[in-house]
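Biologist: Before we discuss any labels, could you show me the model and then take me through how each description is reached?

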Amino acid sequence: MARAELEQSADVVTDAIDLLTRDHRLVDELFASLLQAAPQQLDPLARRLSKMIRIHTQIEEELFYPTARRALGDRGDLIDEAEHDHTEAKQTMMLLESMTSDDPQFLSTVESLREQISAHVATEEAELFSELRKAHLDLVALGITLAERRDTLMDVLGLHGDDEEGAANMREMQRPAKGSRPRDEVTK
Ligand SMILES: [Fe+2]
Ligand SMILES: [Fe+2]
């Protein structure tokens, strides 16, 4: 599936685990593209990757993990572990976001982030998702909630448009106090 198509595909949600798994594959694909990209593509691809990871981690932390924790009963350790992984990956993300591709550490930072994310994703899919499939939880309803939130965040970060628009929106969000435009214009 083409990347653009996959990014839009959350519109057709089967359930929460399906939506998150599709995001995982999209992130895998973005890492692979980034590590093979021409030099002029590195910065826009890194920005896109970082925004996709931020959206994914945010919907998991805001909506998925709290609901999963309630459903899992005495397997809350799976959520503790997932949240710990997110905290570690975010430190590497912040480092990557502070760099441009001409930094000598750029590619090694991308590689470190890829290793952290891929270990986390493997655990989520093999342990957390399989435990949740056995739990009493309405994964379809949760999937709809996740898809709506994901869609809103993608609009805010401009991932439904081209990358430059998204980058401009992100800059606007980071500097709301001075010269900010009305929200509906920023997030159109
Ligand atoms: Fe995930
Ligand atoms: Fe996660």
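This is a predicted model: local features need pLDDT of at least 70, side-chain atom pairs count only at pLDDT 80 or more; totals for chains, interfaces and linings use all residues.

Biologist: What makes up the secondary structure of the protein chain?

Modeller: The protein chain comes to eight helices and zero strands, and from the N terminus on its elements run α-α-α-α-α-α-α-α. Of its 188 residues, buried ones make up 25%.

Biologist: How do you know that the span of α2 agrees with its number of residues?

Modeller: The 21 residues of α2 should span 30 Å at 1.5 Å a residue, and because its end C-alpha atoms are 31 Å apart, the two values agree.

Biologist: Which residues of α2 are called buried, and why are they said to line one face of the helix?

Modeller: The label buried requires 20 or more other C-beta atoms within 10 Å of the residue's own, and in α2 it applies to Ala16, Ile17, Leu19, Leu20, Asp23, Leu30, Phe31 and Leu34. Seen down the axis of α2, these buried residues fall within an arc of 160 degrees, and therefore they line one face. An α-helix has 3.6 residues a turn, so residues three or four places apart point the same way. The buried residues of α2 pack against α3, α5 and α6, whereas on the other side of α2 Arg25, Ala32 and Gln36 are exposed.

Biologist: What is in the largest nonpolar core, and which residues have the most contacts inside it?

Modeller: The largest nonpolar core has 30 residues, and those with the most contacts inside it are Ala16, Leu30, Leu34, Ala46, Leu49, Phe64 and Leu146. Two or more residues each come from α2, α3, α4, α5 and α6, and α3 gives the most, with 10 residues. Leu49, leaving aside its neighbours within four places in sequence, is in contact with Leu30, Phe31 and Leu34.

Biologist: How do the end-to-end reach and the expected value compare for α5, and where does α5 bend?

Modeller: With 29 residues, α5 reaches 41 Å from its first C-alpha to its last, which is close to the 42 Å expected at 1.5 Å a residue. The bend in α5 is about 35 degrees and lies at Glu124. Glu124 is also buried, as are Val110, Leu113, Ile117, His120, Leu128 and Leu132 in α5, and what covers these buried residues includes α2, α3 and α4.

Technical notes
Residues are numbered from 1 along each chain as its sequence is written. Chains are lettered from A and ligands numbered from 1 in the order in which they are written. A nonpolar core is a set of buried Ala, Val, Leu, Ile, Met, Phe, Trp, Tyr and Cys residues joined through C-beta atoms within 7 Å. A residue is buried if 20 or more other C-beta atoms lie within 10 Å of its own, exposed if 12 or fewer, and partly exposed in between; C-beta atoms are placed from the backbone. Helices (H or I, at least four residues) and strands (E, at least two) are DSSP runs, numbered from the N terminus. Two residues are in contact if their C-beta atoms, placed from the backbone, lie within 7 Å. The expected span of a helix is 1.5 Å times one less than its number of residues. The bend at a residue is the angle between axes fitted to the seven residues ending there and the seven starting there. The arc is that of the directions from the helix axis to the C-beta atoms.
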